[in-house]
Amino acid sequence: MLVSAAVCPHPPAIIPAVSRGASGQLDDLRVACTAAVRRLRRAAPDLLVCIGGGRQTRAWSGEAGGTLQPYGVDARFGGALVELPLSLTVAAYLLESVDATNGDAFQAVSPDAAADDCSSLGAELAGRADRVALLVMGDGSARRTRTSPGPFDERAQEFDDGVWKALAAPDPGQLLAIDAELAGELWVSGLQAWQTLAGALGSSPTEWAGQVTYNAAPLGVGYVVIELETR
């Protein structure tokens with residue numbers, strides 16, 4: 001049963017080895033993410049699952065790890081099996097930065113996964129143990145500003161605000177109803193991870209409340225950190 005969850009973004013620059021201390025733009029984000037992970041650990045889960053986007057829907061055990069070599073940095077996080085996509089590599093970094101331990105399982109979700117499939121996966125993950133915690137990795141729109149990775153789109157801010165509201169409520173129905181085509185147009189990378197979370201929340205017999213601890217677009221990409229706990 002799901003007992004705790006946290007939503008975090010996964011910019012590689014959140015890792016000091018990547019940013020090399022050249023900018024403090026992500027310092028507050030890093031603090032919020034590590035605080036959220038600490039809260040997950042304090043929930044004393046029997047199973048902590050990290051969820052993030054990947055090329056295909058695939059699961060790994062806690063022995064998996066990831067590398068930042070594609071970003072020009074010789075750094076690894078997690079276990080010895082270096083196969084994790086970026087989203088889950090950043091998750092492994094956050095876990096190590098808190099207590100030098102890894103997650104119990106990693107779950108990648110394909111960008112082509114339908115909402116119903118994500119929901120079913122989330123419910124299945126939440127039922128794997130008596131006490132399950134989820135670390136859900138996903139970025140909002142990468143078209144938020146004139147200096148974003150993607151060209152500015154005036155719809156991006158409204159889209160992100162709507163998603164953040166649905167995550168914080170939380171409202172599984174609204175999350176599963178997000179327009180996937182629009183999310184693609186706005187260069188959103190977190191949709192399938194958020195919809196997997198929606199499935200886990202929807203399967204829970206308890207009520208939930210979310211607290212937004214970070215909400216900004218320092219690199220022109222929408223980043224949010226939300227801590228979710230039972231009421």
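Modeller: What follows covers the source of the model, then the sheet, then the cysteines.

Modeller: This is a predicted model, in which local features need pLDDT of at least 70 and side-chain atom pairs count only at pLDDT 80 or more, while totals for chains, interfaces and linings use all residues. Residues are numbered from 1 along each chain as its sequence is written, and side-chain values use heavy atoms, leaving out hydrogens and water.

Colleague: In what order do the strands of the sheet lie?

Modeller: The order is β3-β7-β2-β8-β1-β10-β9, an open sheet of 7 strands with mixed pairing. Strands are DSSP runs of E with at least two residues, helices are runs of H or I with at least four, and both are numbered from the N terminus; two strands pair if DSSP finds at least two bridges between them.

Colleague: Which are the edge strands?

Modeller: They are β3 (58–61) and β9 (208–216), each pairing on one side only.

Colleague: How many bridges join β1 to β10?

Modeller: There are 4, and the two strands run antiparallel. Val-7, for instance, has Ile-226 in β10 as its bridge partner.

Colleague: Now the cysteines. How many disulfides does the structure hold?

Modeller: It holds 0, a disulfide being a pair of cysteine sulfur atoms within 2.5 Å. For Cys-33, the nearest cysteine sulfur is that of Cys-8, 3.8 Å away.

Colleague: Is Cys-33 buried or exposed?

Modeller: Cys-33 is buried, at a relative accessible area of 0%; buried means under 20%, exposed over 50% and partly exposed in between, with a 1.4 Å probe and protein chains only.
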